[in-house]
Amino acid sequence: MTSPPRLAVVVLISGHGSNLQAIIDAASNGLPIDIVAVISNRPNVYGLERAAQAGIETALLQHKDFPDRDSFDQALVALIDHYTPELVILAGFMRILSADFVRHYTGRILNIHPSLLPKHRGLDTHQRALDSGDTLHGATVHFVTEELDGGPLISQAQVTVESSDNASTLAKRVLDKEHQLYPLAIRWFAQGRLKLDDSENVILDNKKIDQPIIYAPQDAIQ
């Protein structure tokens with residue numbers, strides 16, 4: 001019996017790679033993807049070790065070796081395209097990507113951000129959520145466009161902000177949710193259920209979604 005096709009993906013990282021590990025684990029447990037390469041812009045990060053331990057090809061392309069953002073992004077496009085992925089996954093990739101890079105992968109590049117977008121774009125999201133008095137915080141998966149953390153929203157996972165929380169405790173609970181949320185959105189894409197149309201609308205199961213899908217634990221089995 002022929003196995004169903006698996007989507008070829010490249011994952012970009014800059015650090016520890018906990019979301020990468022969640023994706024690797026999901027791919028070993030039915031997520032229909034093949035991670036054909038993990039690329040880091042920083043050397044000696046644990047995410048590269050995670051990939052190597054899983055038998056995944058790794059590559060290092062250091063942004064500091066290039067004179068400017070555009071030249072680095074051009075080299076990164078060439079490296080990614082060498083692996084001919086159908087989807088590019090940002091998993092803690094700490095680079096602002098150029099417009100040309102993003103356009104090259106329109107509709108086939110995903111990111112996860114540790115806030116309930118459009119709230120708290122950028123860095124230090126957990127402390128900013130506390131400082132703002134938010135009662136709900138969480139994570140968002142979105143398609144990547146030229147606007148930083150501003151691409152069309154796909155799905156979100158929420159956590160309640162407790163009175164005893166600090167940035168570290170909140171970050172840990174959000175990260176736990178990220179590890180559940182990201183593989184699910186990737187699954188939808190790999191199954192052909194999720195896409196971005198020409199007007200940058202998110203289409204799920206042939207229907208436009210106007211609000212991000214809110215994750216519930218039972219969703220993980222779908």
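D149 is buried, with a relative accessible area of 10%, where buried means under 20% relative accessible area, exposed over 50% and partly exposed in between, for a 1.4 Å probe and protein chains only. This is a predicted model, in which local features need pLDDT of at least 70 and side-chain atom pairs count only at pLDDT 80 or more, while totals for chains, interfaces and linings use all residues. Residues are numbered from 1 along each chain as its sequence is written, and side-chain values use heavy atoms, with hydrogens and water left out.

D149 belongs to the loop between β6 (136-143) and β7, strands being DSSP runs of E with at least two residues and helices runs of H or I with at least four, numbered from the N terminus. Leaving aside neighbours within four places in sequence, D149 is in contact (heavy atoms within 4.5 Å) with N111, H113, L117, R121, G122 and H142.

Strand β7 (residues 153-160) contains Q156, which is buried. Beyond residues up to four places away in sequence, Q156 touches residues including L116, L117, T140 and Y215. Its side chain makes a polar contact with that of T140, a pair of N or O atoms within 3.5 Å; within protein, one must be able to donate a hydrogen and the other to accept it, and residues adjacent in sequence count only if both atoms are side-chain atoms.

| Residue | Relative accessible area |
|---|---|
| D149 | 10% |
| Q156 | 7% |

Helices α1 (residues 18-27) and α2 (residues 46-53) pack with their axes 9 Å apart; axes are lines fitted to C-alpha atoms, for helices over the stretch in contact.

Conventions: Axes fitted to C-alpha atoms, helices over the stretch in contact; angles between N-to-C directions.
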